[in-house]
Amino acid sequence: MSDRPFPPRKPRFQRPHGKPGRRDPQARRPNFEIDTTILYGFHPVVEALRNGKRTIRRLLATENSARRLSEELGAPLAIEPEIVRPDEINRLLEPDAVHQGLYAEADPLPSPSVDTLSGKRVVLALDQITDPHNVGAIVRTAAAFDVEAIITTARHSPAATGVLAKSASGGLEHVPFMIVRNLGDTLTALGERGFQRIGLDSSGDANLDEVEISLPVVLVLGSEGKGLRQRTRECCDVMGRLDMPGAIKSLNVSNAAAICLYAVVKGASRGARK
């Protein structure tokens with residue numbers, strides 16, 4: 001999905017330069033240039049309204065959804081919603097987007113840097129995982145495990161908006177994105193700051209459960225199929241793997257992220273007690 005919403009009066013799926021046609025759901029511009037975050041659906045919008053760091057520019061709601069929103073938040077809203085019909089929201093989104101009568105345009109959240117990471121919580125790095133549904137599911141899991149930040153690259157990564165935000169189900173408000181131009185350089189910089197860098201690979205040197213983990217730590221996940229790129233692997237201190245007893249040995253990357261984060265958070269906590 002594009003990072004900029006269509007003005008309501010334009011044709012539904014107008015391409016750049018005025019050529020009609022269906023829009024590509026993948027964002028076309030690099031993440032670091034995004035100046036508007038599109039949020040839709042009940043949980044993403046509610047969590048954004050609860051987030052004091054999020055500036056909402058515009059809020060559209062159907063009459064029923066506005067009532068539900070007011071009941072859920074239990075206080076006057078920071079921004080008065082524009083009451084609209086569902087098809088007015090439909091025109092701003094991709095076909096089949098489940099918006100539940102809520103749509104918001106907001107400023108991007110502040111982004112951390114290598115120097116501002118506290119190192120007191122696990123950091124997650126994603127190496128060219130391109131599917132916004134997968135990344136959104138990973139964000140939701142990261143929020144559940146209190147991940148400090150998610151590092152992604154400016155290219156070959158979905159924008160933190162639209163489909164990704166919907167799939168994250170509000171998690172985007174709790175785990176900031178750190179967009180970098182070169183993941184290898186960033187991992188090198190984190191290593192210089194004392195971060196343990198753990199990569200995940202099916203042929204890794206050790207079962208992730210057996211890796212001795214201590215904070216500060218960054219867990220690095222690669223795309224499905226290709227896995228981690230060679231440079232990324234070279235920037236990791238250890239390559240871990242998931243040993244599974246069943247007939248199927250591979251997992252969707254978002255499922256693997258959940259298992260790995262559980263293992264790393266638990267290992268880091270165990271290491272902190274020593």
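**Salt bridges and a sheet**

User: In this predicted model, what is the relative accessible area of Arg 57, given that it is partly exposed?
Analyst: Partly exposed covers the range between buried, under 20%, and exposed, over 50%. Arg 57 falls inside that range, so it counts as partly exposed, and its relative accessible area is 43%.

User: Which residue forms a salt bridge with Arg 57?
Analyst: Arg 57 sits in strand β2 (residues 56–61), and its partner is in the loop between β4 (102–106) and β5, 50 residues apart. The closest N and O atoms of the pair are 2.5 Å apart, and the partner is Asp 107.

User: Is Glu 105 buried or exposed?
Analyst: Glu 105 lies in strand β4 and pairs with Arg 58 in strand β2, 47 residues apart. Their side chains meet in a salt bridge at 3.4 Å, N to O. The cut-off for buried is under 20% relative accessible area. Glu 105 comes in at 12%, so it counts as buried.

User: Which strands stand at the edges of the sheet?
Analyst: Seven strands make an open, parallel sheet in the order β7-β6-β5-β10-β8-β11-β9. The edge strands each have a single partner, so one side of each is left without a neighbour; they are β7 (177–180) and β9 (206–207).

User: At about what angle does helix α6 run to β6?
Analyst: Helix α6 (residues 183–192) lies across β5, β6, β7, β8 and β10. Its direction relative to β6 is about 145°.

Definitions and conventions. Residues numbered from 1 in each chain as written. Predicted model: local features only at pLDDT ≥ 70, side-chain atom pairs only at ≥ 80, totals over all residues. Heavy atoms only, no water. Pairing = 2+ DSSP bridges. Helix = DSSP H or I, 4+ residues; strand = E, 2+ residues; numbered from the N terminus. Contact = heavy atoms within 4.5 Å. Axes fitted to C-alpha atoms, helices over the stretch in contact; angles between N-to-C directions. Salt bridge = Lys/Arg side-chain N within 4 Å of Asp/Glu carboxyl O. Buried < 20%, exposed > 50% of the residue type's maximum accessible area, 1.4 Å probe, protein only.
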